[in-house]
Amino acid sequence: MLIVLLTSCLLSCSQEPITCHEFMMDTQCAITVYDRADEKYIEQTFALIRDLDDRLDRYDEDSEIAMINRNAGIAPVCVSEQTFEIVSRAKALSEATDGAFNPLLGAISSLWAFDSPVHEVPDAALVSSLVEHVDIDCLVLDEEHMSVFLTDGVIQLDLGAIAKGHASQMAADHLASCGVERAIVNLGGNVYCLGSRSPGEDWVVGIQNPQAATGGYFATVRCSDAAVVTSGSYQRHFEVDGVDYHHILDPATGWPAESDIVSVSIISPDGALADALSTACFVLGSRGAEDLCRRMGVGMLVLTSSGEIIRLDA
Ligand code: ADP
Ligand code: MG
């Protein structure tokens, strides 16, 4: 899941960059600040991400998402502005991707339990019965009361495919509001590049080679003030009886998406968009991914199972 960053500080840098790490949002997070390099800005940013994680973690029974899920089919739940914003975004992006990204797969992703140390292929009939309920119209948002209602008691919210991209953007925005002009936020491979590497020179982000040990990369992406978010079948997966099962699900079947893509990176100034689209593109496969990225005006880098590299500039 790690993305290698090829960064260097030019001789003109007046300060050494500072990097801090923390485990949050179920992944290793790192922030590097290249100017105004003061740890306090990073600490504040980590606190904001932790707060968002506390609201969105569906496995924490005190979180707002857990509360929405507990009240599925029962009642609307009033939530904070932060939670309402990301849930609204998730609904809009599900519609924009014709459902390839769908934030209502929680009940099915719980069955697959990719995060659990014990792996079992779920019962096919159970998956089929659950997938019939996955309908984005069952996610009802009331802007006036800032409430979220799952009108079907069987569906559950899972923001796993959008939360880290959204958080990386929030982190970059906060650093910018502190006057930081150049920083890299890396939330488990969801990278946000704030500013540029040096005047007129883009940051260079290495994209992990799925076949190589962590640290190797198969291509690089150049960008400034943009998120680079990668989804891949190599990131979280398990094998049972010689069959490999990965964590990106086809919302139409509830099974790991059968895709010709091994890794897809999306490049966009909008972190939540980049994250949701990386998952949607994986589900759609390389042809559909290219069409979607053209339509949404984002950059794309795909590695297919036959080893082809497809690039699309924003
Ligand atoms: P990662 O979280 O590893 O960076 P993704 O952004 O692609 O990878 O998100 C995958 C996670 O999102 C899964 O672990 C699952 O919780 C959820 N998910 C799986 N398939 C979909 C999908 N088609 N639409 C929305 N969420 C999904
Ligand atoms: Mg994603």
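## Strand pairing

In this predicted model, strand 3 (residues 27-33) and strand 7 (residues 183-187) run antiparallel and are joined by 5 bridges. Valine 33 takes part in this pairing, with alanine 183 in strand 7 as its bridge partner.

Both strands belong to an open sheet of 8 strands, which are paired antiparallel in the order 2-3-7-8-11-14-15-16. At the edges of this sheet are strand 2 (18-24) and strand 16 (309-312), each of which pairs on one side only. With direction ignored, neighbouring strands of the sheet are turned by 10° against each other on average.

## Helices across the sheet

Helix 1 (residues 39-56) lies across strand 2, strand 3 and strand 7, and its direction makes an angle of about 15° with strand 2. Helix 7 (residues 271-296) lies across strand 8 (190-194), strand 11 (226-232), strand 14 (261-268), strand 15 (299-304) and strand 16, running at about 125° to strand 14.

## Surroundings of ligand 1

There are 19 residues around ligand 1, of which Asn102, Asp158, Ser231, Leu249 and Thr279 come nearest. For asparagine 102, a backbone N or O atom lies 2.9 Å from a nitrogen atom of ligand 1, while for alanine 100 a backbone N or O atom lies 3.0 Å from a nitrogen atom of the ligand.

Threonine 279 contributes through its side chain, a polar atom of which lies 2.8 Å from an oxygen atom of ligand 1. Of the 570 Å² of accessible area that ligand 1 has on its own, the protein covers 97%.

Notes: Residues are numbered from 1 along each chain as its sequence is written. Chains are lettered from A and ligands numbered from 1 in the order in which they are written. This is a predicted model: local features need pLDDT of at least 70, side-chain atom pairs count only at pLDDT 80 or more; totals for chains, interfaces and linings use all residues. Side-chain values use heavy atoms; hydrogens and water are left out. Two strands pair if DSSP finds at least two bridges between them. Helices (H or I, at least four residues) and strands (E, at least two) are DSSP runs, numbered from the N terminus. Axes are lines fitted to C-alpha atoms, for helices over the stretch in contact, and angles run from 0 to 180 degrees between N-to-C directions. Contact means heavy atoms within 4.5 Å. A residue is near a molecule or strand if one of its heavy atoms lies within 4 Å of it. A polar contact is a pair of N or O atoms within 3.5 Å; within protein, one must be able to donate a hydrogen and the other to accept it, and residues adjacent in sequence count only if both atoms are side-chain atoms. Accessible areas come from the Shrake-Rupley method with a 1.4 Å probe; for residues, only the protein chains shown count as cover.
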